[in-house]
Amino acid sequence: MEKWFFINWQAIFVPSISIFELIIRGTLVYLALFSVLRLLPSRQLGTLGITDLLVVVLFAEAAQNAMASNYTSITEGAILVGTVIFWSYLLNWLGYKFPQFQRFLNPPPLLLVKNGRMIERHLQRELITDDELMSKLRQQGVEFLADVKLAYIESDGRISIITSDSKTPSVPEQKIALKSDLH
């Protein structure tokens with residue numbers, strides 16, 4: 001009965017391994033996983049498939065062991081979480097400040113359709129089938145491939161489409177629209 005109310009405060013708050021080692025482990029695992037995920041063609045049409053979810057879960061399990069070995073204190077968990085947040089923020093900040101670095105963080109849009117013709121090598125590179133592409137076009141109200149002037153897969157996996165009948169206002173029309181929005 002006595003063990004029910006005994007709290008080992010030292011085990012809760014005092015790290016069992018070096019704080020510096022925790023930061024190094026967290027940094028190495030975060031940057032390694034970031035690099036692997038950046039190189040995989042994982043932006044398939046903006047969806048999270050079962051294989052993607054499985055990869056994330058398995059990465060999390062493997063990363064937890066690699067980052068902390070067998071940590072037990074709240075402090076160790078907080079240090080690891082802080083390390084991951086730090087690197088996430090730093091990479092986003094670097095991408096904001098340096099456009100060249102942003103291209104490394106987020107892939108540029110990839111052209112999938114040009115003037116009604118699919119670019120097969122780009123579809124193959126992203127592992128997108130013709131049926132998947134046509135499904136996404138239909139979801140955006142485009143029935144025929146011939147109606148597509150340009151279609152890109154964006155860095156987040158969404159498809160952006162410019163149809164042949166898309167009208168872009170001329171410069172004077174844009175100025176008028178902007179002026180009317182101001183009043």
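Read along the sequence, the protein follows the pattern α-α-α-α-α-α-β-β-α-α-β-β-α, which amounts to 9 helices and 4 strands, where helices (H or I, at least four residues) and strands (E, at least two) are DSSP runs numbered from the N terminus. The model is a predicted one, in which local features need a pLDDT of at least 70 and side-chain atom pairs count only at pLDDT 80 or more, while totals for chains, interfaces and linings use all residues. Residues are numbered from 1 along each chain as its sequence is written, and side-chain values use heavy atoms, with hydrogens and water left out.

The pLDDT, which is the predictor's confidence in each residue on a scale from 0 to 100, averages 78 over the protein, with 73% of the residues scoring at least 70. Confidence is highest in strand β2 (residues 117–118), at a mean of 95, and lowest in helix α9 (residues 171–182), at 44. Over residues 169–183 the pLDDT stays under 50, and for this stretch the model has 1 contact (heavy atoms within 4.5 Å) beyond four places in sequence.

Of the 183 residues, 25% count as buried, where buried means under 20% relative accessible area, exposed over 50%, and partly exposed in between (1.4 Å probe, protein chains only). The accessible surface comes to about 13200 Å², of which 64% belongs to carbon and sulfur atoms; such areas come from the Shrake-Rupley method with a 1.4 Å probe, and for residues only the protein chains shown count as cover. Among contacts between residues at least 6 apart in sequence, 62% join residues at least 24 apart.

Helix α8 (residues 130–139) has Leu133, Met134, Lys136 and Leu137 as its buried residues. These residues lie on the same side of α8, because they cover an arc of only 160° around the axis, the arc being that of the directions from the helix axis to the C-beta atoms. The cover over the buried residues of α8 includes β1 (110–114), β2, α7 (120–125), β3 (148–153) and β4 (159–163), whereas the face turned away from the buried side carries the exposed residues Asp131, Arg138 and Gln139. After α8 comes Gly141, with a positive phi near 85°.

Positive phi values are also found in residues other than glycine. Asn115, with phi near 50°, has its place in the loop between β1 and β2 and counts as exposed at 55% relative accessibility. Leu127, with phi near 60°, lies in the loop between α7 and α8 and counts as partly exposed, at 49% relative accessibility.

The structure holds 2 salt bridges, each defined as a side-chain nitrogen of Lys or Arg within 4 Å of a carboxyl oxygen of Asp or Glu. In one of them Arg25 pairs with Glu21, the closest N and O atoms being 2.9 Å apart; both residues lie in helix α3 (residues 19–39), 4 residues apart, about one turn of the helix. An α-helix has 3.6 residues a turn, so residues three or four places apart point the same way. Arg25 is partly exposed at 24% relative accessibility, and Glu21 is likewise partly exposed, at 32%. A salt bridge also joins the side chains of Arg125 and Glu126 (3.9 Å, N to O), and Glu126 is buried, with a relative accessible area of 5%.
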